[in-house]
Amino acid sequence: MPTPDRGPDRRTLIADTAIDLVAEGGLRALTHRAVDAAAALPAGSTSYYFRTRTALIAACYQRLAELDLADLDADGPALPPAPLAPPDRAAAAAALAGLLYRWLTAGRARQLARFELSLEAARNPELEPDFHRAGQGARARAAGILAALGADRPEEAADLLVAWADGLLYDRLAGASARSRPAPDLSELTSVTRRMIDAALS
C-alpha cells in the first residue's frame with residue numbers, strides 16, 4: 001500500500017498525468033494503472049488517492065480549472081480577478097486573444113483533454129456537479145471583465161463569450177478542418193476576439 005506522504009503534490013502529479021494520458025489517448029487510455037506507470041509511481045498510488053475512475057476524472061476537472069485560471073492570471077491587467085480600473089475593449093480583446101493563442105499552441109494537449117473529459121460529464125450524472133463547479137471560475141472572471149466594460153447583464157454576456165471561445169477552440173483543435181487550417185495567428189485571433197467581445201456587449 002502506498003504511503004500517504006506528499007499528499008497534495010502527489011494528487012497534483014496524478015491529475016496532471018491523467019490529463020496528459022487523456023490528451024494523448026482519449027478516455028480509453030485513462031486507468032489507475034496507466035497513471036501509476038506514466039507518473040513513475042508505485043503500483044496502487046492512484047487508487048490510494050482516487051478510489052474510483054469517477055473520482056480521478058473529477059480531480060482532472062479541478063486541476064484543469066486551476067490551470068485555466070492560472071493562465072487567465074498570467075495574461076496581464078485586462079483579466080485580473082478585480083480590475084483596479086475599467087479595461088477597454090481593445091485591451092480585453094488582446095488579452096483574450098493571447099489566451100486563446102496559448103491554448104491553441106503550447107496548451108493544445110490540455111484543451112483536447114478538456115473536451116474529452118467534458119463529454120464524460122454529459123454521460124455520467126455523478127460527474128456533472130464537479131464539472132459545473134470547475135467551470136464557474138472562468139465564467140465569473142469573464143463576467144467581472146464584461147461588467148467593467150459596461151455589460152448590462154454580465155453573467156449572460158459571459159455565458160455567450162465563454163461559449164464562443166469554447167466553440168472557436170473546438171473548431172480549430174478538433175473540427176472537420178482543424179488539420180488543414182493555417183497555424184494560429186495572434187493578429188487574426190485579436191480581430192476575432194474583438195468581434196466576440198463587441199457582440200457579447202451589444
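## Asp171 at a glance

A residue counts as buried under 20% relative accessible area, as exposed over 50%, and as partly exposed in between. In this predicted model, Asp171 has a relative accessible area of 34%, so it is partly exposed.

Asp171 is found in helix 8. Setting aside neighbours within four places in sequence, Asp171 touches Ala178 and Arg181. Arg181 is ten residues away along the chain, and its C-alpha atom is 9.9 Å from that of Asp171.

## Helix 6 meets helix 8

Helix 8 (residues 154–174) packs against helix 6 (residues 108–123) at an angle of about 110°, and their axes are 11 Å apart. That makes the two helices roughly perpendicular to each other.

Who does the touching? Helix 6 brings Arg108, Gln111, Leu112, Arg114 and Phe115, while helix 8 brings Asp166, Leu169, Tyr170, Leu173 and Ala174. By class, that contact has six nonpolar, one polar and three charged residues.

The largest pocket holds about 740 Å³ of space. It is lined by 34 residues, and the closest to its centre are Arg114, Gly135, Ala138, Val162 and Asp166. Helix 7 gives the most to this lining, with twelve residues. The lining of the largest pocket comes out as 23 nonpolar, six polar and five charged residues.

Next comes the second largest pocket, with about 360 Å³ of space. Its lining has 13 residues, with Arg108, Arg172, Leu173, Ala178 and Arg181 the closest to the centre. Helix 6 and helix 8 turn up here again, each supplying at least two residues of the lining. This lining has seven nonpolar, no polar and six charged residues.

Technical notes
Residues are numbered from 1 along each chain as its sequence is written. This is a predicted model: local features need pLDDT of at least 70, side-chain atom pairs count only at pLDDT 80 or more; totals for chains, interfaces and linings use all residues. Side-chain values use heavy atoms; hydrogens and water are left out. Axes are lines fitted to C-alpha atoms, for helices over the stretch in contact, and angles run from 0 to 180 degrees between N-to-C directions. Helices (H or I, at least four residues) and strands (E, at least two) are DSSP runs, numbered from the N terminus. Angles under 35 degrees count as roughly parallel, over 145 as roughly antiparallel, 65 to 115 as roughly perpendicular and the rest as oblique. Contact means heavy atoms within 4.5 Å. Ala, Val, Leu, Ile, Met, Phe, Trp, Tyr, Cys and Pro count as nonpolar, Asp, Glu, Lys and Arg as charged, and the others, Gly among them, as polar. Buried means under 20% relative accessible area, exposed over 50%, partly exposed in between (1.4 Å probe, protein chains only). On a 1 Å grid over the protein atoms alone, a cavity is a set of points where a 1.4 Å probe fits but cannot get out, and a pocket is an open set with protein on both sides within 12 Å along at least five of seven lines; lining residues have an atom within 4 Å of a point. Grid points are joined across faces, edges and corners, and a volume is the space filled by probe spheres set on the points.
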